[in-house]
Amino acid sequence: MADLSVKMAGVPFKNPIIPASGTFGFGSEYTDYYPVSVLGGMSLKGTTLHQRAGNPPPRIAETPAGMLNSVGLQNPGIDAFLAHELPLIANEDTVKIANVAGSTIEDCEEIAKKLEGTAIDMIELNISCPNVKQGGVAFGVDPKMAGAVTRAVRKNTTKPLMVKLSPNVTDITEIARAVEAEGADAVSLINTLLGMRIDINTRRPILKNNVGGMSGPAVFPIALRMVWQVANAVKIPVSGMGGVSTWKDAVEMMMAGATTVQIGAALFQNPMAPVEIIEGMNAWLDEQGIQSVSEIIGSVRPW
Amino acid sequence: MADLSVKMAGVPFKNPIIPASGTFGFGSEYTDYYPVSVLGGMSLKGTTLHQRAGNPPPRIAETPAGMLNSVGLQNPGIDAFLAHELPLIANEDTVKIANVAGSTIEDCEEIAKKLEGTAIDMIELNISCPNVKQGGVAFGVDPKMAGAVTRAVRKNTTKPLMVKLSPNVTDITEIARAVEAEGADAVSLINTLLGMRIDINTRRPILKNNVGGMSGPAVFPIALRMVWQVANAVKIPVSGMGGVSTWKDAVEMMMAGATTVQIGAALFQNPMAPVEIIEGMNAWLDEQGIQSVSEIIGSVRPW
Amino acid sequence: MLQNEKLEKYLILKKEMLAKSCVRLTIRCPEIAKKASAGQFAHVRANGFMLRRPISISEIDKEAGTIRLVFEVRGKGTAVIAELNAGDTVDMLAPLGNGFTLEKGKKVVLLGGGIGTPPMLEIAKFYGADATVITGFRSASAVILQDDFKKTGANVVLCTDDGTAGEHGFVTAPLARILEEGNVDLVCACGPNGMLKGVVSLAKEHGVSCEVSLEERMGCGVGACLVCACKSVKNGEEYYARVCKDGPVFNAEEVTL
Amino acid sequence: MLQNEKLEKYLILKKEMLAKSCVRLTIRCPEIAKKASAGQFAHVRANGFMLRRPISISEIDKEAGTIRLVFEVRGKGTAVIAELNAGDTVDMLAPLGNGFTLEKGKKVVLLGGGIGTPPMLEIAKFYGADATVITGFRSASAVILQDDFKKTGANVVLCTDDGTAGEHGFVTAPLARILEEGNVDLVCACGPNGMLKGVVSLAKEHGVSCEVSLEERMGCGVGACLVCACKSVKNGEEYYARVCKDGPVFNAEEVTL
Ligand SMILES: Cc1cc2nc3c(=O)[nH]c(=O)nc-3n(C[C@H](O)[C@H](O)[C@H](O)COP(=O)(O)OP(=O)(O)OC[C@H]3O[C@@H](n4cnc5c(N)ncnc54)[C@H](O)[C@@H]3O)c2cc1C
Ligand SMILES: Cc1cc2nc3c(=O)[nH]c(=O)nc-3n(C[C@H](O)[C@H](O)[C@H](O)COP(=O)(O)OP(=O)(O)OC[C@H]3O[C@@H](n4cnc5c(N)ncnc54)[C@H](O)[C@@H]3O)c2cc1C
Ligand SMILES: Cc1cc2nc3c(=O)[nH]c(=O)nc-3n(C[C@H](O)[C@H](O)[C@H](O)COP(=O)(O)O)c2cc1C
Ligand SMILES: Cc1cc2nc3c(=O)[nH]c(=O)nc-3n(C[C@H](O)[C@H](O)[C@H](O)COP(=O)(O)O)c2cc1C
Ligand code: FES
Ligand code: FES
């Protein structure tokens with residue numbers, strides 16, 4: 001049994017595997033399958049200051065080895081989250097990550113303040129949701145805006161702060177450096193890539209929102225490249241995600257420079273994916289005689 | 001039999017289907033399978049001013065529903081192309097598109113001049129190859145540079161000029177508008193998305209170039225979204241590509257706004273793909289009672 | 001250590017074609033059968049595809065430890081699932097979602113439209129002679145399950161849009177007649193949206209409680225991803241409920257069709 | 001109207017396991033068999049995967065209209081191809097690339113390393129008693145095709161790295177002995193890079209012409225995409241040749257291993 005524990009932004013994780021925000025609800029939907037305490041951590045559904053209804057359905061479309069979603073950050077708002085959702089998982093022995101989304105800097109500050117003193121272990125500031133019209137994505141594609149919102153949240157929280165980056169940019173390292181400079185303790189990437197599908201019979205986009213965020217195995221090579229670039233551009237740790245569905249993918253992500261690995265769309269095909277990835281990774285480390293998973297982080301040797 | 005002909009940038013195509021640059025050599029490799037005269041056109045391998053050796057192998061890696069390549073614009077140079085390759089296809093009854101790549105504006109101008117008076121019907125100016133270190137991609141990610149190289153080539157050619165855009169940007173419409181403003185007669189998109197794969201046993205990137213360009217069905221939703229955005233942002237026609245492998249994909253592309261559709265990686269799985277797409281599209285148009293394929297261009301009705 | 005019977009692959013005991021491109025699978029899955037109730041669904045893996053396909057549970061045999069799924073080949077995923085044969089295994093998550101109200105003594109009308117018909121069968125078995133089953137199909141060639149419904153002891157009415165079998169017309173015509181007669185406690189329906197709208201408005205008109213099974217594109221199937229939204233009302237406020245977890249069976253009052 | 005026999009799916013007549021995870025398929029494809037020559041390859045579709053897998057043609061029976069492919073399960077794609085059975089069809093493009101020099105009367109030494117052995121069989125059939133076949137494998141359990149080679153009338157030498165069968169050691173040892181004896185016109189080799197290097201340098205030392213079959217990851221397989229690059233020399237200038245079209249068989253002089 002290899003040592004699977006890693007430390008990210010000062011937070012100890014019993015293993016590097018974390019269900020990704022938006023794919024794991026508020027942490028109680030998969031308890032029929034396994035206790036969340038087997039997970040390194042869990043990133044909860046993106047939460048805004050006020051309740052959000054989300055986009056009209058259909059909100060999902062299938063693509064080759066991937067999917068599009070246009071949920072649009074449906075959530076009950078931070079107060080309802082703190083009152084009704086967090087208590088259900090507060091005592092779970094896993095790292096609880098709040099995914100924070102705001103359409104203004106003030107919203108983000110406000111949410112951060114409300115999270116102070118709660119059971120939340122870490123904030124993941126989502127500046128990259130492609131599915132909401134105002135704000136959100138605008139923060140993620142401009143280094144100045146990304147820096148500004150990071151600075152604002154940093155001032156209002158004592159919790160470790162991770163910033164979640166958008167892949168829909170020309171140079172993701174620029175954004176990563178901007179948020180690092182403003183006090184982010186970690187970055188997570190990638191959020192979804194903007195995509196579209198059309199129903200040729202109705203001549204309508206399949207998604208009612210016309211476009212949506214692409215994720216799943218199809219995006220893995222893009223995510224891996226970005227994780228590698230960002231890990232080489234910043235000193236803070238990286239939480240890697242995008243298309244990870246097997247333990248081999250997770251090992252690639254870590255070799256590219258990720259300290260933790262998040263699992264999103266793969267859950268829909270196989271709810272056991274996070275557990276199978278933890279087990280598979282462990283078996284591989286043992287087979288390779290590697291004592292601690294942290295040895296493989298960033299271990300890829302470029303040509 | 002529906003009317004499959006379309007006109008793009010003043011050039012008549014007998015049908016909208018074009019093998020994409022870099023996947024169809026200089027047009028003679030697939031003649032065992034079908035005469036190129038059945039194709040709407042063909043976009044030839046990217047050609048530079050001087051011969052280019054390309055990147056060291058391995059140059060290809062498989063990904064879920066896609067692939068990465070890092071050929072790096074291996075080509076014999078424009079003079080050798082004109083002397084040895086073009087004569088072999090000069091009389092073929094299909095639109096012959098030269099794919100022009102240069103690491104400097106001067107190179108691009110020079111190549112454009114050399115193409116004057118040749119059998120080439122159209123220039124596709126590639127400002128988006130992610131696999132060459134200097135130049136190339138730098139043009140494609142900056143609207144000013146993209147505009148400048150377009151203007152320079154425009155001045156030096158009387159041939160219809162199409163500019164090929166990179167998807168590795170924050171806002172592809174901005175680049176599209178920049179090249180339109182400088183005299184591009186059409187835009188083509190998308191080129192490949194930058195990706196990576198790692199061999200976990202050797203801890204080395206699979207590609208000797210470390211990173212490579214991703215294409216194939218996996219990228220289709222991203223390509224479709226960009227084609228739709230660009231078609232709505234510019235007045236010049238769009239040649240759509242990226243992951244098209246079936247006639248249905250081609251119809252989606254055209255509904256999103258593409259006047260012609262290019263087929264790349266799909267050829268590797270099925271050399272007959274372009275022909276099957278032409279036939280499938282024709283059958284569908286007949287079944288739908290649509291007289292001319294041009295009726296479906298841009299016909300998607302967003303919600 | 002971490003095992004869950006929901007995730008095993010289950011043996012297909014029998015495969016039947018009920019109509020052209022309409023398949024019935026009988027699947028051995030004792031633990032699922034034990035828990036399942038009428039109206040719940042299975043989330044079925046289609047090999048080579050990213051997303052699972054939701055299919056209603058049509059019948060449950062707790063003693064034999066089997067359930068039955070009836071589905072139509074619509075697109076590529078259902079086509080792949082339809083290639084499975086007896087002896088193969090199927091990967092499914094089940095039972096998921098909420099079922100219909102089952103309360104002995106109630107008089108019910110069950111309405112199924114097309115491929116919305118199969119889930120009505122398990123309810124019909126429960127209510128027997130207390131149920132009237134009205135099913136509607138495009139045409140005679142699409143009609144399925146009539147003998148199965150008759151065996152439940154229910155009163156069975158068949159309609160086709162083109163009159164090639166049973167009554168000519170939609171299921172709403174016989175429903176209106178039966179509601180006129182009175183003595184109905186509950187209406188349960190599954191089928192295309194247009195049909196559901198008609199059914200719901202008739203039930204409302206007659207002040208009869210009504211439950212509908214809805215369809216929406218799904219991701220997780222377990223309530224975690226919020227993609228399967230349907231417009232609902234709670235305490236007078238509109239919000240998006242989850243078809244997979246809050247449904248697929250809803251009280252007609254709760255949802256906006 | 002636009003048909004090409006290269007693109008049909010071809011019937012698998014026979015499937016054999018030659019060693020653990022080493023499969024031989026006998027495939028009916030008269031047009032391909034007619035054109036094919038030793039050293040060419042087939043580009044085989046692996047269901048569910050983007051890229052085809054190149055597999056050398058091991059034997060050609062022009063009269064029976066069949067070819068044989070021998071391959072090892074290495075990764076996911078070959079695993080999927082290995083699931084095909086007699087009676088199934090296989091989707092392949094063939095014959096592709098250039099073959100080995102076949103010139104009656106020459107004395108040849110054929111070297112195969114591991115899964116590089118199969119393409120040597122068709123050359124051995126051509127040269128018969130004029131050929132010496134030296135094949136090398138990791139261990140006895142990996143040895144394949146020895147009886148087939150013996151049937152060709154060739155002089156057959158077997159080596160294993162661990163000495164569990166045949167000579168203990170690499171194929172270069174017997175090759176050195178035979179080259180010492182002289183009377184060799186041509187050396188043909190296929191196998192891992194390390195082995196090829198050894199073979200090429202021995203041949204060079206003895207001034208004997210040498211042909212090698214190379215491996216590189218492939219896209220199109222027909223020369224159109226330039227991904228299958230191998231470093232080559234033409235007129236003193238280095239350039240990247242295409243393994244699929246300019247090879248896979250190269251004169252050792254032309255390529256840098
Ligand atoms: C709760 C529920 C119960 C269902 N029960 C049955 C049943 O008993 N029998 C039956 O034949 N069908 C049933 N359906 C519909 C069935 O899920 C779809 O026909 C099926 O998903 C279509 O998949 P496809 O691969 O054939 O189509 P494709 O068009 O290739 O599917 C593409 C994507 O869209 C989704 N999709 C397409 N149509 C629908 C739809 N109508 N509902 C939900 N998702 C859809 C698919 O799941 C897939 O993710 C049910 C749907 C739901 C939501
Ligand atoms: C001209 C030629 C002839 C060959 N002949 C034979 C043969 O007769 N018998 C045999 O067993 N093998 C042969 N090979 C090797 C065979 O192609 C690979 O073992 C196979 O492609 C591996 O695929 P995979 O899905 O098992 O591995 P994966 O690692 O899953 O494949 C991933 C990708 O890498 C490529 N790849 C991986 N290894 C190789 C390799 N060594 N060469 C080329 N591409 C590779 C695959 O084609 C695929 O695109 C030949 C290769 C070439 C180039
Ligand atoms: C249905 C769905 C909802 C999502 N919601 C959120 C969200 O609320 N906040 C967020 O930061 N990311 C959200 N994401 C993005 C994922 O967390 C993840 O970044 C992305 O899906 C890539 O990983 P994957 O390929 O493993 O799915 C969502 C993704 C999906 C599929
Ligand atoms: C092997 C390979 C080589 C390519 N070379 C070129 C090139 O020389 N010039 C160019 O503009 N695009 C080149 N491309 C990009 C394709 O033309 C096309 O834009 C891209 O592959 C997306 O289409 P697809 O998904 O259908 O392959 C190349 C693509 C591949 C796969
Ligand atoms: S499908 Fe995920 S919440 Fe319903
Ligand atoms: S594989 Fe395309 S040129 Fe060789």
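No contact joins chain B and chain C, where contact means heavy atoms within 4.5 Å. Their closest C-alpha atoms lie 10 Å apart. Chain C and chain D do not touch either; their nearest C-alpha atoms are 7 Å apart. Three pairs of chains are in contact, and chains A and B share the most contacts.

This is a predicted model, in which local features need pLDDT of at least 70, side-chain atom pairs count only at pLDDT 80 or more, and totals for chains, interfaces and linings use all residues. Residues are numbered from 1 along each chain as its sequence is written, chains are lettered from A and ligands numbered from 1 in the order in which they are written, and side-chain values use heavy atoms, with hydrogens and water left out.

**Annotated cysteines of chain C**

- An unreviewed UniProt entry lists C:Cys220, C:Cys225, C:Cys228 and C:Cys244 under "binding site". The four are spread over 25 residues of sequence but cluster in space, with a largest C-alpha distance of 10.0 Å. UniProt positions follow the numbering used here, feature names are shortened, and annotations may be inferred rather than shown by experiment.
- C:Cys225 sits in the loop between β12 (209-213) and β13 (229-234) of chain C. Strands (E, at least two residues) and helices (H or I, at least four) are DSSP runs, numbered from the N terminus.
- C:Cys225 is buried, at 3% relative accessible area. Buried means under 20%, exposed over 50% and partly exposed in between, with a 1.4 Å probe and protein chains only.
- Beyond its neighbours within four places in sequence, C:Cys225 contacts A:Gly22, A:Val71, A:Phe268, C:Gly219 and C:Cys220.
- C:Cys244 occupies the loop between β14 (237-242) and β15 (249-251) of chain C. Its relative accessible area is 2%, so C:Cys244 is buried.
- Not counting residues up to four places away in sequence, C:Cys244 touches residues including C:Phe41, C:Leu96, C:Met218 and C:Cys228.

**Ligand 1**

- The shell around ligand 1 has 21 residues, of which C:Pro54, C:Gly75, C:Gly77, C:Thr78 and C:Glu215 come nearest. A residue is near a molecule or strand if one of its heavy atoms lies within 4 Å of it.
- β4 (53-61), β5 (66-72) and α2 (76-82) of chain C each supply at least two shell residues. The largest share, four residues, comes from β4(C).
- An oxygen atom of ligand 1 is 2.8 Å from a side-chain N or O atom of C:Arg53. A polar side-chain atom of C:Arg74 lies 3.5 Å from a ligand 1 oxygen.
- Taken alone, ligand 1 exposes 820 Å², and the protein buries 87% of that. Accessible areas come from the Shrake-Rupley method with a 1.4 Å probe; for residues, only the protein chains shown count as cover.
- The shell has nine nonpolar, four polar and eight charged residues. Ala, Val, Leu, Ile, Met, Phe, Trp, Tyr, Cys and Pro count as nonpolar, Asp, Glu, Lys and Arg as charged, and the others, Gly among them, as polar.

**Ligand 4**

- Ligand 4 lies between chains B and D. It is surrounded by 24 residues; the closest are B:Ser21, B:Lys164, B:Gly216, B:Gly243 and B:Ala265.
- A ligand 4 oxygen is 2.7 Å from a side-chain N or O atom of B:Lys164.
- By class, the shell around ligand 4 has eight nonpolar, 14 polar and two charged residues.

Conventions. Polar contact = N/O pair within 3.5 Å; in protein donor to acceptor, adjacent residues only side chain to side chain.
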